[in-house]
Amino acid sequence: MDKDIRALTARLLARQHLPRQDRLVRKALTDEAFRQELDSRLHACGLKFLDNPYAGHVTLALERDLEQSVLGEQDSWLSNTLNLDRSAIALLVVLWALIILPKRQRQIERSDLGEEQSDMFADEKPLETGRSVSAPISRNALIADFGDKLGKATKIRMNLGTLARLGFIIQRQEEIFEGPLLDLLLDYNQLAGRVLDGALHDLLGRHLSEVLPARTLDEDEEAADV
């Protein structure tokens, strides 16, 4: 066990994320004793194992009680540890809303891309996390819809390159796909409403409501129960 925990921790630190299908990640997700020992060792270093059952990857994150020590040690509070400026963070949250929120709706409904009719036995389907439920968005449409709020085309293209290098997105030609870290960025149940109805709504609400599928109260309640 000791060698496996050291190997898993070292690989997560080196690569920043690992797929859920990885042998040691699966062991952390299914072996309670292994997970407790892993959590204990990470906690001693101020870190935690970040797992979201809707995401295809896992990563490491700061423990909440140490955020002050890391993010607030200078005169001003840092919003992140990746040196992302405000425009890049705003773009990252918009991408999360455009890609992850529709994906989560499909996952909750157990429906794949292109399915128009509900499945009577959807609850019996396994939870999908890959391309069958995560749709790409058009880079040109993103710039056309939000360019006036996110720094124009040149700035958006530069920030997209940065977010791709960090693993949040994958760019293929003119399409933007979910990257390994995008679905681990925010806690959906706690922050989806705040993102849509709070700061993002104030900044981009009119445009965002035209792009995202309409949410219903029932869907929100169903998501909160998962």
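Q: What makes arginine 172 count as lying over the face of phenylalanine 177?
A: The test is that NZ of Lys or CZ of Arg is within 6 Å of the ring centre and within 35 degrees of the ring normal. Arginine 172 is 5.6 Å from the ring centre of phenylalanine 177 and lies over its face, so the charge sits over the ring by that definition.

Q: What kind of model is this, and how are residues numbered?
A: This is a predicted model, where local features need pLDDT of at least 70, side-chain atom pairs count only at pLDDT 80 or more, and totals for chains, interfaces and linings use all residues. Residues are numbered from 1 along each chain as its sequence is written, and side-chain values use heavy atoms, with hydrogens and water left out.

Q: How do you know that β5 and β6 are paired?
A: Strands (E, at least two residues) and helices (H or I, at least four) are DSSP runs, numbered from the N terminus. Two strands pair if DSSP finds at least two bridges between them. Strand β5 (residues 169-172) and β6 have four bridges, in the antiparallel sense, so they pass.

Q: How many bridges join β4 to β6?
A: Two bridges join strand β4 (residues 137-138) to strand β6 (residues 175-178), and the strands run antiparallel. That meets the cut-off for pairing, so β4 and β6 count as partners. Isoleucine 137 stands opposite isoleucine 176, and serine 138 has glutamate 175 as its bridge partner.

Q: Why are β4 and β5 at the edges?
A: The order in this open sheet of three strands is β4-β6-β5, with antiparallel pairing. β4 and β5 each have a single partner strand, so one side of each is left without a neighbour in the sheet.

Q: Which helix lies across β4, β5 and β6?
A: That's α5, running at about 60 degrees to β6. Contact here means heavy atoms within 4.5 Å, while angles run from 0 to 180 degrees between N-to-C directions, with axes fitted to C-alpha atoms (for helices, over the stretch in contact).

Q: How do α5 and α6 cross?
A: The axes of helix α5 (residues 86-109) and helix α6 (residues 139-150) come within 11 Å and cross at roughly 145 degrees. Ala90, Leu91, Val94, Leu95 and Leu98 in α5 meet Leu142, Phe146 and Leu150 in α6.

Q: What makes that contact nonpolar by class?
A: Ala, Val, Leu, Ile, Met, Phe, Trp, Tyr, Cys and Pro count as nonpolar, Asp, Glu, Lys and Arg as charged, and the others, Gly among them, as polar. The contact of α5 with α6 has eight nonpolar, no polar and no charged residues.

Q: What is the strand order in the sheet that holds β1?
A: This open sheet of three strands runs β1-β3-β2, with antiparallel pairing. Its edge strands are β1 (17-19) and β2 (47-51), each pairing on one side only.

Q: How do you know that β3 pairs with β1 and with β2?
A: Three bridges join β1 to strand β3 (residues 57-62), and five join β2 to β3. Both counts reach the cut-off, so both pairs qualify. Bridge partners include histidine 17 with threonine 59, and lysine 48 with alanine 61.
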